[in-house]
Amino acid sequence: MSHYRVGILTSGGDCPGLNAVLWAAATSATTLGWEMLGFCDGYEGLLCPVRYRLLDQQNTNGIMALGGTIIGTTNKGRFVAKVGAGDVARIPDEIISETKETLEGLGVSALICIGGDGSLSTAQQLFEAGIPVVGVPKTIDNDLSATAVTFGFNSAVACVSDALDRLHTTAVSHRRVMVVEVMGRHTGWIALHGGLAGGANMILLPEVPFSYDKVVDFINKHFDNGARAAIVVVAEGAFPKDGGIVSKASGHPGEVKMGGIGNQVADYIGKHTQHETRCVVLGHLQRGGPPTTLDRILGMRFGVGAIKLIQEKKFGHMVSYQNYEIGSVPIPEAVGQLKRVEPTSQMLEAARTIGISFGD
Ligand code: F6P
């Protein structure tokens with residue numbers, strides 16, 4: 001396979017480790033004598049005005065340590081295939097035809113799509129339309145099934161844990177409750193791991209609907225037992241047993257923007273206990289900045305894995321990571337259902353054993 005041209009793109013929300021994938025894929029391609037085109041701003045770069053840049057071993061040298069993605073990304077635009085958890089919208093035929101024309105015109109024989117649930121659903125539709133596609137899973141939320149972990153997750157957890165360390169010292173000084181809202185639309189992986197690593201006393205997850213009465217009881221008992229501070233981590237998708245998720249319309253059809261539950265929980269605690277309460281929303285801090293060492297290595301391995309899938313002509317497959325090994329799965333297996341925190345898992349049991357409350 002010499003004089004071979006492949007395309008690569010990053011789609012959906014950015015996340016630390018994307019540049020490690022680009023570097024490793026470009027370097028592997030250069031080593032094989034292939035050319036790599038990095039399409040800009042996600043799938044949008046495939047449509048008029050077509051935008052791409054050549055990526056090779058030389059010009060990607062050193063990008064591994066950078067957050068974000070050097071070729072840009074978007075979670076909007078003409079390709080958006082997921083309109084909510086589990087709902088798939090079809091990409092219009094004319095968009096698929098234009099994509100094919102772009103790839104044929106540029107002599108691109110295979111396309112690497114790096115993305116989360118929605119972006120991989122798009123990749124699957126392109127594959128079904130006859131485009132040779134391979135996928136690389138990406139999400140800080142770590143909610144893709146068929147892969148034990150995705151790069152970006154560890155960096156987000158490190159950000160949460162660092163924030164909790166900082167908030168703890170100020171909370172203890174003032175005898176306060178600190179409510180920290182973290183990312184995680186439908187799953188609580190970041191809240192759970194970040195909360196555990198940062199010494200949270202209570203963690204509220206989308207998978208474990210909470211009761212406000214239990215939250216208040218716990219906070220009161222916690223201080224009655226002599227604590228000087230309480231740290232409550234709330235995933236943005238967490239919700240009370242008798243209520244729904246807190247969100248607002250984003251201005252884009254079908255898209256819901258999460259956020260607000262942290263402030264609601266903080267208000268409730270503030271009003272129903274004697275304890276002064278503050279809320280911090282970590283937001284995009286969790287997605288920014290350099291990747292952790294673990295995410296750099298995982299990104300590097302995924303990039304190499306994607307090129308290997310192309311060599312093996314395993315189109316329609318996505319790189320995956322299980323039991324410390326890189327493998328692959330058909331893309332629909334990865335996007336069919338979300339990987340959620342299991343409420344009866346060993347991890348939650350261990351957390352409960354050491355007195356962490358899930359508000360249930
Ligand atoms: O899916 C990743 C994620 O970080 C979610 O946890 C969060 O709700 C969303 O992206 C935020 O997206 P945006 O960048 O559009 O605000």
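Colleague: Is Lys313 buried or exposed?

Modeller: Lys313 is exposed, with a relative accessible area of 55%. Buried means under 20% relative accessible area, exposed over 50% and partly exposed in between, using a 1.4 Å probe and protein chains only. One caution on the source: this is a predicted model, where local features need pLDDT of at least 70 and side-chain atom pairs count only at pLDDT 80 or more, while totals for chains, interfaces and linings use all residues. Residues are numbered from 1 along each chain as its sequence is written, and side-chain values use heavy atoms, with hydrogens and water left out.

Colleague: Where is Lys313 found?

Modeller: Lys313 is in the loop between H8 and strand S14 (317-322). Helices (H or I, at least four residues) and strands (E, at least two) are DSSP runs, numbered from the N terminus. Phi of Lys313 is near 55°, a positive value in a residue other than glycine.

Colleague: Okay, is Asn142 buried or exposed?

Modeller: Buried, as the relative accessible area of Asn142 is 4%. Asn142 lies in the loop between S7 and H4.

Colleague: What about the peptide bond from Cys48 to Pro49?

Modeller: That bond is cis, with omega near -5°. Most peptide bonds are trans. Pro49 sits in the loop between strand S2 (35-39) and strand S3 (52-55).

Colleague: Switching to the ligand: which residues surround it?

Modeller: Asn75, Ile140, Asp141, Met183, Gly184, Arg185, Glu236, Lys257, His284 and Arg287. A residue is near a molecule if one of its heavy atoms lies within 4 Å of it. The shell divides into 2 nonpolar, 3 polar and 5 charged residues. Here Ala, Val, Leu, Ile, Met, Phe, Trp, Tyr, Cys and Pro count as nonpolar, Asp, Glu, Lys and Arg as charged, and the others, Gly among them, as polar.

Colleague: How far is the side chain of Asp141 from an oxygen atom of the ligand?

Modeller: An N or O atom in the Asp141 side chain is 2.9 Å from a ligand oxygen. For Lys257, an N or O atom of the side chain is also 2.9 Å from an oxygen atom of the ligand. A polar contact is a pair of N or O atoms within 3.5 Å; within protein, one must be able to donate a hydrogen and the other to accept it, and residues adjacent in sequence count only if both atoms are side-chain atoms.

Colleague: And how much of the ligand does the protein cover?

Modeller: 80% of the 400 Å² of accessible area that the ligand has on its own. Those areas come from the Shrake-Rupley method with a 1.4 Å probe; for residues, only the protein chains shown count as cover.

Colleague: Now the aromatics. How many pairs are there?

Modeller: There are 6 aromatic pairs. Rings of Phe, Tyr and Trp (its six-membered ring) pair if their centres lie within 6.5 Å; planes under 30 degrees apart count as stacked, over 60 as edge-to-face and the rest as tilted.

Colleague: Which kind is the pair of Phe151 and Phe302?

Modeller: The ring centres of Phe151 and Phe302 are 5.9 Å apart and the planes are at 75°, so the pair is edge-to-face. Phe151 and Phe302 are 151 residues apart in the chain, and both are buried.
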